[in-house]
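Please look over the sequence and the model before reading on.

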Amino acid sequence: MKLCAACCEELPQSSFSKKQWQLKQYQRRCTECIDVNHDVQLEAPSKNASAEFQHPSPTLTADNKSAPCCYICLEEGHDESGQPLRRDCSCRGESAGFAHLSCIAKYAEQKSQDWNGHDTGKFAEPWKTCANCRRHYQNKLALDLAIQFVAFAERQHPGDQMIRLEALHLKLESLEDAIDEKPIAYNIISVIVKSPMLSKSKRVLFIQALAYNGLGRIAAGEMTDGGAKLAVAYFEKARDLSKAIEFAGGVTLAEHNIACVKSRYEGNNSVSREDMLVKSQVLYKQAVELSGQEAIATITAGLNLAVALKASDHGIEAERLLIKLAAMCRQVHGPDHGLTQSAEFNLQDLKARIVASKTQDGWTRFQALRYKEDGEKCVIQGPIAEPRNIQDEKAVAVASDDILVTLGTPVVCHGLKASHHLNGKIGDLRSWDKESQRFEVQFDDKDLKPCLVKQDNIRILFELPSRE
C-alpha cells in the first residue's frame, strides 16, 4: 500500500502505474487522479523536516529530472498508443512542458466539462492554451488538438451549434495550408446560415468575419481575375461584419486587403509602399491595444510592420522594432518558439548591410562587413547569389568610393562643413536625388530635418546605438 499525493488515499499497487508506483511519495498519483487531472496536494519535505507532509503546494512536475516526462501523467516516453511526448508552445528548458497529446486532450475534456455554459470562448481555451506556460499551442500540435476538439464537440455536444462553431474556428486558426482552410471556412459559414439564432451573437459575427477573410486570402491567392473579384467580395463581407461588431482591427485589415487586391488586378497601383506602411502601423497599434504587446497576434502584426518598414526604406525603425520583438519573444515564448526564430531571422537579415560593387558581370550585390584604413576602404563579402550560400562568398577590401550604399541602410554623417551640426548624427537613406547626386538622409533624431548628403559624407552604421 502507498499514499497518493493527490487524493491522499492509501491504495494498493494496482491503483498506480508502474512509473507512478516508483515515484517519491510527494510526487505519486493514482490512475484515477491522473485521469481527472487532480493535482498533488503535498509538497516535498525540507531537509530538516520529518517524513510527514507539510502544506499544500502547486502541481509538481518532473522539471528537475534530466529526461523529459509528461507533466500531466508524469510518465516518460511514449503513451500507451505509442505517441511520443510533444511540446510546441512557450515552455522552455530541457524537460518542462512536455506532454502526450492524449493527456492534453483528456485534460482539455475535463476542463471543458467544468464550463459554466456561457462564454464558449472559455470552453475552447484548454484546447488552445498550454496549462503549464499559459500560452497558445502552435504548428502541428495546435492542429492536432483542434481536430480532437472538433471530434469532442461532435461527440459530447452534437446539438450545440455554438460549440461546434468554436471548434471549427479553432481548427481554422490552426491551419496553414489554404487548401485545408477553404472547406473549414465554408463549414463555419454554413453552420451560421443554417442556425439563424447564432447570427445575433457578437462572437459569431467575429468568427464569421475571420472565415470570410480566410476565404478572401484563398481566392486572392488563385492569381486570376475571377479569383480577385471573389476575394474583394469576401473581404467586403469581412469588413461589413467587423463594422457591425465595432472590430476596428478587422475593418482595417479587410480594407487593406481590398485595396491590395484591386491594386494588383485592376492595374491602378493605388496601394503604395507608404500606404502599406500606414496600414501596418495601424494594425500593430490596434493589436497592442486589444491584446497587449506580448500576445502572439501582436508580435505577428509587429513582424509584418517591420517588413513594411524595410520595404519603405525605414531601416533604423525596422531594426529597432525587430530588436524589441526578438527580445520579447525570447523572454516570453522562449528561444525555440516559431515567432522567436522568425523575429531573429528577420533581424539578422535586416542587419546585413547590402551594397553594390562593380564586377565583370556589372553591378553586383555584396554585404559590407566593416571599414578599414580610417574608412578609406570597406571590407565586403560576396557576390551574393540567390539563394544565398555564404560558403561560396569571399571577403575583399575595396575602396569605399567604389561601392554604392543601398536605400534603407543606416548611416552616420561625417565631414560636413556647411552642415557641421549633422556630423555624428545617424539616419537612413530614403531616396537618391539624381539632380544633386546626393542621398536624402532621414535622421533618427526627429527634431532634425531631412538633408541631401553626398556618399563621401556618410559611413555605413553597422550597429545601432542603444537609445537612452
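Which residues does Asn-257 touch, not counting residues up to four places away in sequence? This is a predicted model, and in it Asn-257 touches Asn-213 and Phe-235 when residues up to four places away in sequence are not counted.

**The chain as a whole**
- The protein chain contains 14 helices and 14 strands.
- It has 468 residues, of which 46% count as buried.
- The chain exposes about 25200 Å², and 50% of this is supplied by carbon and sulfur atoms.
- Taking contacts between residues at least 6 apart in sequence, 50% join residues at least 24 apart.

**Asn-257**
- Asn-257 lies in helix α10, which spans residues 248-266.
- Its relative accessibility is 15%, so Asn-257 counts as buried, the cut-off being under 20%.

**Helices α4 and α5**
- Two packed helices are described by the angle between their axes and the distance between the axes.
- For helix α4 (residues 120-128) and helix α5 (residues 139-156), the axes come within 9 Å and cross at roughly 135°.
- The two helices, α4 and α5, are therefore oblique to each other.
- The crossing in which α4 passes α5 is right-handed.
- On the α4 side, Phe-123, Ala-124 and Trp-127 take part in the contact, and they meet Leu-145, Gln-148, Phe-149 and Phe-152 of α5.
- The residues of this contact between α4 and α5 comprise six nonpolar, one polar and no charged.

Conventions. Residues are numbered from 1 along each chain as its sequence is written. This is a predicted model: local features need pLDDT of at least 70, side-chain atom pairs count only at pLDDT 80 or more; totals for chains, interfaces and linings use all residues. Side-chain values use heavy atoms; hydrogens and water are left out. Axes are lines fitted to C-alpha atoms, for helices over the stretch in contact, and angles run from 0 to 180 degrees between N-to-C directions. Helices (H or I, at least four residues) and strands (E, at least two) are DSSP runs, numbered from the N terminus. Angles under 35 degrees count as roughly parallel, over 145 as roughly antiparallel, 65 to 115 as roughly perpendicular and the rest as oblique. A crossing is left-handed if the near helix is turned anticlockwise from the far one by less than a right angle, and right-handed if clockwise. Contact means heavy atoms within 4.5 Å. Ala, Val, Leu, Ile, Met, Phe, Trp, Tyr, Cys and Pro count as nonpolar, Asp, Glu, Lys and Arg as charged, and the others, Gly among them, as polar. Buried means under 20% relative accessible area, exposed over 50%, partly exposed in between (1.4 Å probe, protein chains only). Accessible areas come from the Shrake-Rupley method with a 1.4 Å probe; for residues, only the protein chains shown count as cover.
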